[in-house]
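Here is my note on the structure you passed along. Please read it with the model open beside you.

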Amino acid sequence: MAKTNAAQSDTPVEESSAVADNEETTTVEDTPQAAEDSQDIDEILNSLKALLSAVEKLQKVRQEVGDIKPLVVRMLDGELLVGEELEQLKSGVNGLLKLVRVYSDHQAALAKAQPARNLLDEILK
């Protein structure tokens, strides 16, 4: 009876070893192919173009908003702003809304473009 149990336990170990070897071989062979299958090269390059566009928009909006932070801080400290400073603050606050949207778009484009880094690392060794 003890031999039967030992024989039964030997067989599954050998089978699981063979299965693990097969899985390992498949994984190693399919790794480069899986990257190409999951996202084709055109999609990866398009994500880079989208990221470039998002970066350009972000830089443009940052320039439009200008250095609004000191005016916002002064306003939050309770100082009254008049004349040109007040007008600059009004346009800057409106620009901040646009900046937040563009920044969010930039972050999404950046995340989507990450597979491009992997592909470029592989291609440009």
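Predicted model: local features only at pLDDT ≥ 70, side-chain atom pairs only at ≥ 80, totals over all residues.

The points below go from the overall fold to single residues.

1. Side-chain atom pairs count only at pLDDT 80 or more.

2. **Fold.** The protein has five helices and zero strands. Along the sequence the pattern reads α-α-α-α-α.

3. **Surface and burial.** The chain has 125 residues, and 18% of them count as buried. The accessible surface comes to about 9800 Å². Carbon and sulfur atoms account for 56% of that surface.

4. **Histidine 106.** Where does histidine 106 sit? It is found in helix 4, which covers residues 84-112. Is histidine 106 buried or exposed? Its relative accessible area is 13%, so histidine 106 is buried, the limit being under 20%. Leaving aside neighbours within four places in sequence, histidine 106 is in contact with Leu51, Ala54, Val55 and Leu58. Its side chain also makes a polar contact of 3.3 Å with the side chain of glutamine 107.

5. **Salt bridges, overall.** Side chains of opposite charge can pair when their charged atoms come close. How many salt bridges does the protein have? The count comes to four.

6. **Lysine 98 with glutamate 64.** These side chains meet in a salt bridge, at 3.8 Å from N to O. The pair links distant parts of the chain. Lysine 98 is partly exposed, with a relative accessible area of 37%. Glutamate 64 is partly exposed too, at 48%.

7. **Glutamate 87 with lysine 90.** Here the salt bridge is 3.6 Å, N to O. Both residues are in helix 4 and three residues apart, so about one helical turn separates them. Glutamate 87 has a relative accessible area of 47% and is partly exposed. Lysine 90 is partly exposed as well, at 46%.

8. **The arginine 74 network.** Apart from that pair, salt bridges that share partners join Arg74, Glu79 and Glu85 into one network. Within it, the side chains of arginine 74 and glutamate 79 meet at 2.9 Å, N to O. Arginine 74 is partly exposed, with a relative accessible area of 25%. Glutamate 79 counts as partly exposed at 39%.

9. **Nonpolar patch.** Which residues make the nonpolar surface patch? They are Ile41, Leu45, Leu48, Leu120, Ile123 and Leu124, and the patch is about 540 Å². Helix 2 and helix 5 (114-123) each supply at least two residues. Helix 2 gives the largest share, three residues.

10. **Leucine 124.** This member of the patch lies in the segment after helix 5. Its relative accessibility is 63%, so leucine 124 counts as exposed, the limit being over 50%.

Conventions
Residues numbered from 1 in each chain as written. Heavy atoms only, no water. Helix = DSSP H or I, 4+ residues; strand = E, 2+ residues; numbered from the N terminus. Buried < 20%, exposed > 50% of the residue type's maximum accessible area, 1.4 Å probe, protein only. Polar contact = N/O pair within 3.5 Å; in protein donor to acceptor, adjacent residues only side chain to side chain. Contact = heavy atoms within 4.5 Å. Areas by Shrake-Rupley, 256 points an atom, 1.4 Å probe, with all protein chains shown as cover. Patch = residues over 30% accessible without salt bridge, like charges linked within 9 Å, V, L, I, M, F, W, Y side chains within 5 Å.
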